[in-house]
Amino acid sequence: MLLGLLAGFLASSLGWQINLVVIQRGLHRGRVAAFFVGCGAIAADMIFLAIGLTGTRPLLNHPEWWGIIRWVGITVLLFIATRTFFIHSKPPKQVVEVTKKNPTKNFLVGFLVVVTNPAVFLMWIGIISLIRANFIQAGRPGFREQFLLGFLAGAMAWFVPFTFIFLKKLRKWTEDNHPFISKLSAVTLVLVAVFLIIWERF
């Protein structure tokens, strides 16, 4: 379980792509929305981990699916960037509040950003292979369940303070610069999408 705890915390804290989306959502939809984005990302990671700990042959035998999944992820990023640039770059009072408290939508944003990135899946396969090769307990009954529970706890240990403490302070700091910060966030998301298009080919 300790391995899962460490993996969950490090994966969440070092996941700059999803953390950027969490910040963007937190600035214009609030900390609860940002938290649900993080929950969606955690769910996607745990699905990858469950597949990796159970057996990856079905997915590894069909790499043609990865290209489709990858383009879905790129489309999601570009959609978020477009909305951020043209809608959420306005002062907060001018932004429509209707979808602000939609946990399902925010959860799906985080989930899709992670689950549609084949690089994340391959990263977890490599990490799981490393764990199986170097830790005897990885082959014991119940290891998968304990690892996943530890991962969930470790990921929450990052996203809870990140969304409810850090974003609160960040939002106060960016109140006067909200349009600029939103546009900068949108441009960064576009650059991430371009990176996925050009360099991450599978």
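Predicted model: local features only at pLDDT ≥ 70, side-chain atom pairs only at ≥ 80, totals over all residues.
Residues are numbered from 1 along each chain as its sequence is written, and side-chain values use heavy atoms, with hydrogens and water left out.

**View 1. Helix 3 meets helix 6.** Here helix 3 (residues 31-54) and helix 6 (residues 103-115) have axes that come within 7 Å and cross at roughly 40°. Helices are DSSP runs (H or I, at least four residues) numbered from the N terminus; axes are lines fitted to C-alpha atoms over the stretch in contact, with angles from 0 to 180 degrees between N-to-C directions. Helix 3 is therefore oblique to helix 6; angles under 35 degrees count as roughly parallel, over 145 as roughly antiparallel, 65 to 115 as roughly perpendicular and the rest as oblique. Look for Phe36, Ile47 and Phe48 of helix 3 and Phe107 and Phe111 of helix 6, which are among the residues making the contact (heavy atoms within 4.5 Å). The contact residues comprise 14 nonpolar, three polar and one charged; Ala, Val, Leu, Ile, Met, Phe, Trp, Tyr, Cys and Pro count as nonpolar, Asp, Glu, Lys and Arg as charged, and the others, Gly among them, as polar.

**View 2. Helix 2 meets helix 6.** The axes of these two helices come within 10 Å and cross at roughly 160°, so helix 2 is roughly antiparallel to helix 6. Helix 2 brings Gln17, Ile18, Val21, Arg25 and Arg29 to the contact, and the helix 6 side includes Lys105 and Asn106. By class, this contact has five nonpolar, three polar and three charged residues.

**View 3. The largest pocket.** Its volume is about 390 Å³. A pocket is an open set of points on a 1 Å grid over the protein atoms alone, where a 1.4 Å probe fits, with protein on both sides within 12 Å along at least five of seven lines; lining residues have an atom within 4 Å of a point. Volume is the space filled by probe spheres set on the points. Of the 24 lining residues, Gly15, Trp16, Gln17, Asn117 and Val120 lie nearest the centre. The lining has 17 nonpolar, five polar and two charged residues.

**View 4. The second largest pocket.** This pocket has a volume of about 220 Å³. Helix 1 gives the most to its lining, with five residues. Among the lining residues you can find Leu3, Trp124 and Phe147. The lining holds eleven nonpolar residues, no polar and no charged.
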